[in-house]
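Dear colleague,

I am handing over the structure we spoke about, and I would be grateful if you kept it open beside this message while you read.

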Amino acid sequence: MPYIEWSDSFSVKVKEIDDQHKKLIGMINKLHDAMLANRGREVQAEIIFEMLEYVSYHFTTEEKYMSSFAYPGYEAHKREHLEFAAEVADLKARIDRGALILSIMPLSLLRDWLQNHILGTDMKYSDLFNSKGLK
Ligand SMILES: [Fe+2]
């Protein structure tokens with residue numbers, strides 16, 4: 001069973017963004033699998049690096065739409081993105097220093113954050129994005 005599983009309740013009703021969220025969920029699962037299987041530091045570092053790049057790409061997508069549709073919650077939303085990117089960067093720094101992800105703690109933070117962010121914060125732009133023709 002995946003560590004975090006996509007369900008329709010995660011859908012913001014915009015395919016491009018749902019697909020990106022699915023990819024992020026897949027990355028967290030991949031990291032979880034690597035941790036459980038005691039994969040080496042290089043494997044974990046590679047996944048984290050990929051995640052860091054993808055998170056930045058994904059946040060840019062959401063922020064681009066929020067900004068062009070003059071979304072009122074833009075600033076607060078962007079602050080949440082910065083916090084998450086900092087968490088992932090911190091995990092990367094730990095691995096760069098030679099540590100392994102041996103505990104479930106840092107991963108559960110990423111998982112819970114993503115879940116809460118999609119269900120609580122992302123969901124709020126769904127109607128506006130749909131009304132601007134994004135589906
Ligand atoms: Fe977001």
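Before the findings, one term is needed: a helix here is a DSSP run of H or I that is at least four residues long, and helices are numbered from the N terminus. With that in hand, you can find helix 3 and look just after it, where G98 takes a positive phi of about 110°.

Please bear in mind that this is a predicted model. The protein averages a pLDDT of 92, and 99% of the residues score at least 70. Confidence is lowest in helix 3, where the mean is 91, and highest in helix 5 (residues 126-131), where it reaches 98.

When two helices pack, the pair is described by the angle between the axes and the distance between them. Helix 2 (residues 41-68) packs against helix 3 at an angle of about 170°, with the two axes 9 Å apart. Since an angle over 145 degrees counts as roughly antiparallel, helix 2 is roughly antiparallel to helix 3. The residues of this contact comprise 15 nonpolar, five polar and four charged.

Helix 3 also meets helix 4, their axes coming within 11 Å and crossing at roughly 165°, so these two helices are roughly antiparallel as well. The crossing is left-handed. From helix 3 the contact takes in H77, E80, F84, E87, V88 and L91, and from helix 4 it takes in P106, L109, L110, W113, H117 and T121. By type, these residues are seven nonpolar, three polar and two charged.

Which residues of helix 4 make the contact with helix 1? The axes of helix 1 (residues 15-36) and helix 4 (residues 105-121) come within 10 Å and cross at roughly 165°, and the two are therefore roughly antiparallel. This crossing is left-handed. Helix 4 contributes L107, L110, R111, L114 and I118, while helix 1 contributes H21, L24, I28, L31, H32 and M35. Eight of the residues in this contact are nonpolar, two are polar and one is charged.

With best wishes

Technical notes
Residues are numbered from 1 along each chain as its sequence is written. This is a predicted model: local features need pLDDT of at least 70, side-chain atom pairs count only at pLDDT 80 or more; totals for chains, interfaces and linings use all residues. Axes are lines fitted to C-alpha atoms, for helices over the stretch in contact, and angles run from 0 to 180 degrees between N-to-C directions. Angles under 35 degrees count as roughly parallel, over 145 as roughly antiparallel, 65 to 115 as roughly perpendicular and the rest as oblique. A crossing is left-handed if the near helix is turned anticlockwise from the far one by less than a right angle, and right-handed if clockwise. Two residues are in contact if their C-beta atoms, placed from the backbone, lie within 7 Å. Ala, Val, Leu, Ile, Met, Phe, Trp, Tyr, Cys and Pro count as nonpolar, Asp, Glu, Lys and Arg as charged, and the others, Gly among them, as polar. pLDDT is the predictor's confidence in each residue, from 0 to 100.
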